[in-house]
Amino acid sequence: MKQIHGHSIRVSLASHVLNFWRMTGNLIVMPGSANLDLRALQAAAMEFGWTVRFVHDLSKAASGRAVLFYRDALGPGCSWLDAVRQLKLALPEARLIVCHGLAEAIDWPELCDAGAFHALGLPLSVNEVRKSLGFVLEAEKRLSGLRHTRSHQPRPLRSESKEGSKRAEFMIKSSSDET
């Protein structure tokens with residue numbers, strides 16, 4: 001309870017709003033051998049209220065909501081598929097954004113199945129980074145909305161046996177017949 005001008009006011013926030021607040025956070029960059037434009041990343045991230053953090057060790061990427069990476073950031077000779085799998089295993093909630101050279105062949109459907117969220121061509125452009133971060137934000141909003149909707153839907157009665165299901169169904173019908 002908060003007191004304003006002698007009146008008690010209760011402030012509550014819906015879970016989807018709290019999830020959105022959690023979204024404001026770090027954009028993790030694992031450049032590996034790629035030359036990523038820090039200014040482009042910071043300019044786009046600033047528009048979303050995010051900070052950009054360069055890390056060279058997977059253990060320091062734990063707080064990131066989105067991870068932009070080049071494959072060899074996870075080890076020399078690491079394939080795109082192995083890099084996505086390792087990152088998804090270590091950071092299951094993070095949105096993985098592959099940063100690849102335009103001449104590099106990538107199997108996007110395979111990377112997507114492994115957990116990649118989006119891809120950006122190198123060199124990075126501010127507009128492309130902005131779009132990608134917008135996709136991340138929209139995905140988080142939709143996911144938060146789904147969680148919020150599911151938490152407010154009536155839950156069906158469940159029972160262990162068929163007889164229990166019939167009994168529960170009958171009880172529901174009986175109570176609705178009485179009203």
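Contact here means heavy atoms within 4.5 Å, and on that basis residues 24 or more positions apart account for 62% of the contacts in the chain with a separation of 6 or more. This is a predicted model, in which local features need pLDDT of at least 70 and side-chain atom pairs count only at pLDDT 80 or more, while totals for chains, interfaces and linings use all residues. Residues are numbered from 1 along each chain as its sequence is written, and side-chain values use heavy atoms, with hydrogens and water left out.

The secondary structure of the chain comes to six helices and seven strands, where helices (H or I, at least four residues) and strands (E, at least two) are DSSP runs numbered from the N terminus. Read from the N terminus on, the elements follow the order β-β-α-β-α-β-β-α-β-α-β-α-α. Of the 179 residues of the chain, 35% count as buried; buried means under 20% relative accessible area, exposed over 50%, and partly exposed in between, with a 1.4 Å probe and protein chains only.

Strand β3, residues 26-30, contains Asn26, which is buried with a relative accessible area of 19%. The side chain of Asn26 makes a polar contact with the side chain of Thr51 at 2.3 Å (a pair of N or O atoms within 3.5 Å; within protein, one must be able to donate a hydrogen and the other to accept it, and residues adjacent in sequence count only if both atoms are side-chain atoms). Leaving aside residues up to four places away in sequence, Asn26 touches Thr51, Arg53, Ser63, Gly64, Arg65 and Ala66.

Helix α2 spans residues 38-47, and within this helix Ala40, Leu41, Ala44 and Ala45 are buried. These residues cover an arc of only 120° around the axis, which puts them on the same side of α2; the arc is that of the directions from the helix axis to the C-beta atoms. An α-helix has 3.6 residues a turn, so residues three or four places apart point the same way. The face of α2 turned away from its buried side carries the exposed residues Arg39 and Met46. At the start of α2, a side-chain oxygen of Asp37 reaches to within 3.1 Å of the backbone nitrogen of Arg39, and just after the helix Gly49 takes a positive phi of about 75°.

A search of the whole structure finds six salt bridges, each defined as a side-chain nitrogen of Lys or Arg within 4 Å of a carboxyl oxygen of Asp or Glu. One of them joins Glu47 to Arg130, with the closest N and O atoms 2.8 Å apart. Glu47 lies in helix α2 and Arg130 in helix α5 (residues 126-151), so the pair ties together parts that are 83 residues apart in sequence. Glu47 is partly exposed, with a relative accessible area of 49%, and Arg130 is partly exposed as well, at 27%.

Another salt bridge brings together the side chains of Arg65 and Glu140 (3.1 Å, N to O), linking distant parts of the chain, since Arg65 is in strand β5 (residues 64-69) and Glu140 in helix α5, 75 residues apart. Arg65 and Glu140 are both buried. The side chain of Glu140 also meets that of Arg95 in a salt bridge (3.2 Å, N to O).
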